[in-house]
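User: I am new to this structure and would like to learn how to read its features. Please show it to me and take them one by one.

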Amino acid sequence: MVATPKHSVSVAGIVVRDDDRVLVIRRYDNGHWEAPGGVLELNESFEAGVQREVLEETGLAVIVERLTGVYKNMSHGIVALVYRCRPADGEPHVTEEAREICWMTIEEVQSAMVPAFGIRVLDAFAESPQSRAHDGVNLLRV
């Protein structure tokens, strides 16, 4: 009998201020700029996972507004659900997972992030949710 491949599910929050700047972190583990996020726990909803991950990684409580995209890392079998959020309480600060935090413009995001993660931010400004595949760096046409 052939084993069924397993996927990991992650969530991320695109936190947008009133001036359209987006909260991003430079991760300790890989040094990349990304939206805050991580692996969804078994006992939590998608929205609760987004709130937990953003709070853990930035110290900022958020209100989840809507799903903006679903992304699959084809190389690692990771499916990410990404939500647009707005700040609710607290001030973002460096944490054990984020060595830097800043509010970037869309243009800054496009130059600072690899395409597979920058597109998540751009999609948060689109009218409807997107579905995309990538290899961890670049978008794939599948």
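User: How many residues of helix α3 are buried?

Analyst: Buried means under 20% relative accessible area, exposed over 50%, partly exposed in between (1.4 Å probe, protein chains only). Helices (H or I, at least four residues) and strands (E, at least two) are DSSP runs, numbered from the N terminus. In helix α3 (residues 115-123), 7 of the 9 residues are buried, so α3 is largely enclosed by the rest of the structure. Among them are Phe-117, Ile-119 and Val-121, but also Arg-120 and Asp-123. This is a predicted model: local features need pLDDT of at least 70, side-chain atom pairs count only at pLDDT 80 or more, and totals for chains, interfaces and linings use all residues. Residues are numbered from 1 along each chain as its sequence is written, and side-chain values use heavy atoms, with hydrogens and water left out.

User: In what order do the strands of the open sheet lie?

Analyst: Strands of a sheet pair through backbone hydrogen bonds, either parallel or antiparallel. Two strands pair if DSSP finds at least two bridges between them. Here 3 strands run in the order β3-β2-β7, with antiparallel pairing. Because β3 (33-34) and β7 (98-104) each have a single partner strand, they stand at the edges, and one side of each is left without a neighbour in the sheet. Strand β2 (residues 22-27) joins β7 over 6 bridges, and Arg-26 stands opposite Glu-100 in β7.

User: Is Asn-73 buried or exposed?

Analyst: Asn-73 counts as buried because its relative accessibility is 8%. Asn-73 belongs to strand β5 (residues 61-73).
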